[in-house]
Amino acid sequence: MIVRHRILRLGTLPSSRYFSSFEFTVKLPTGIAYRQPTGLFISNEFVASNDGKQLTTYNPRSGKPIANVFVAGSPDVDYAVQTAESAFRSWRTTSGTDRGILLYRLCGLIEEHKTLLGSIEAFDTGKPLDTVVTDDIQDCINVTRYYAGWADKIHGYSIQPFAEKFAYTLHEPFGVCALIVPWNYPLMLALWKLAPAIAAGNTVVLKPSELTPLSSLYLGNLITEAGFPPGVINILSGDGNTGAVLASHPRINKISFTGSATTGKKIMHAAASNLIPVVLELGGKSAAIVFEDADLEQAVKWCYSGIMSNSGQICSATSRILIQESIYKKFVEMFKAYTIHRMSADPLDHGPQISDVQLENVMQYVRSGIEEGAHLVYGGKEIIGPGYFMQPTIFADVRDHMKIAQEEVFGPVVVMDKFTTQSDAIQRANSSTYGLASAIFTKSLTLAVDTSQKLEVGTVWVNSSQDSDFRVPFGGFKMSGFGQELGEYAVKNYLRPKAVHLNLGVSL
């Protein structure tokens, strides 16, 4: 049975600080103390789960527990979905202008709480604080502001086939959208989905990863403070079972999932039982191609950043580097020297793995590479001490059949090999079952454009890696999924066209 809540009239702001009985004080490494919500955020309230089950989130830099949060079970998912469905009846009639106003308010609150949100997320993910605040949270602000601007620019088209016939299209929201996000960029990827879904007029149930739920739950405070009506945005912390129940729920109208290909298949299978449309942004084994005319110093730095940032825990990480034969040895030596330089400045510069389980998974790939005969150039060991750290790891002479060349490692492990011609490089880059991204390093614009057109990937970087912009679509081909995040394309994910035919005088 759904508890009915009064819908806030648009423009009515609640108290500037939202307090719940399901929260406790957390002291961050920065010295900041704040109140962390631990409940499920449903209908603008933090509530306990039906069975009281909780999970513990840990700091990857220390391995120590941070907080216990509630785990949404099947009854809680039912409650959240029914609440979102009830809210949609009113929300769908809210004008795009008013939806945009609420998103602008939320954007302002994220900006106001930028340092705190960054501190929470750095604590929960183990990332360097300045990286989270400057890059991740700033991206949250940019994305929310961008889609706030889109909210009142959604329209259909008019079509007049002949004088007595007029037709037009409506671009309508789906209804209740399930948004399931991973742990590597928790709040950023949540807003990549949430902001366009809300701008398009949907209501949402957001499920953050069980490993990094804290910043998303704190966002619930800002959603309430911004004045969103109860039930429009709901946030369920939980485990894999929570996501499975959400994906298979018969009252969900659209699913957007970011995560591994293995889990993506399960999501798609669950959605198939109800014919729910899905957007999947999955894993990758992205190749960087370094041609012999490239600026090697810049190529080394970009390739290092492309795999070692966030300790390799990036779906689009350029974890394979294909280097033209004439410069192969020099590039490997330069890459190793640059890695040693970065490690000497700060051995923990690249950050930890998210958990002890993830660290062991990556180490298994390292052992596999050695066993299969790849040349271990550098690293390959855990860093002894607190937290889940390992050395940046470089393999050379990695053949395409090797496990570390085929599978997504999701850690600071790069594999290198040589190629002879452009066609050889393209064939090998495309040999992966994934198709998320690729990078090209060359001074030849003609070579860059021609190679870009022949790569079977959703994103190509030329003389850079991991570039992202909220105005530019991001998505993959093949086993990397389908559908796009960001830009106008993301708004279209959450709209479905309806055709209306008007008879202006045709008689039977």
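Modeller: Leu 275 is exposed, with a relative accessible area of 77%; exposed means over 50%, buried under 20% and partly exposed in between, with a 1.4 Å probe and protein chains only. Its phi is near 55°, a positive value in a residue other than glycine. Leu 275 is placed in the loop between α8 (261-272) and β13 (278-281). Helices here are DSSP runs of H or I with at least four residues, strands are runs of E with at least two, and both are numbered from the N terminus. For background, most residues other than glycine have a negative phi.

Before going on, please keep in mind that this is a predicted model, where local features need pLDDT of at least 70, side-chain atom pairs count only at pLDDT 80 or more, and totals for chains, interfaces and linings use all residues. Residues are numbered from 1 along each chain as its sequence is written, and side-chain values use heavy atoms, with hydrogens and water left out.

Ser 43 also has a positive phi, about 55°, although it is not a glycine. Ser 43 sits in the loop between β3 (40-42) and β4 (45-47), and it is buried, with a relative accessible area of 5%.

Now to the rings. There are 12 aromatic pairs, counted when the ring centres of Phe, Tyr and Trp (its six-membered ring) lie within 6.5 Å; planes under 30 degrees apart are stacked, over 60 edge-to-face and the rest tilted. Among them, Trp 91 and Phe 228 form a tilted pair, 6.1 Å centre to centre with 50° between the planes. Trp 91 belongs to helix α1 (residues 74-91) and Phe 228 to the loop between α6 (214-226) and β11 (233-235), so this pair ties together parts that are 137 residues apart in sequence. Both Trp 91 and Phe 228 are buried. Elsewhere, Tyr 304, Phe 331, Phe 335 and Tyr 338 make up one aromatic cluster.

A charge can also sit over a ring, which requires NZ of Lys or CZ of Arg within 6 Å of the ring centre and within 35 degrees of the ring normal. Lys 127 lies over the face of Tyr 185, at 3.6 Å from the ring centre.

Finally, the sheet: 3 strands form an open, antiparallel sheet in the order β7-β8-β24, where pairing takes at least two DSSP bridges between two strands. The edge strands, each pairing on one side only, are β7 (158-162) and β24 (495-503). β7 is joined to β8 (residues 165-173) by 3 bridges, and Phe 162 has Lys 165 in β8 as its bridge partner.
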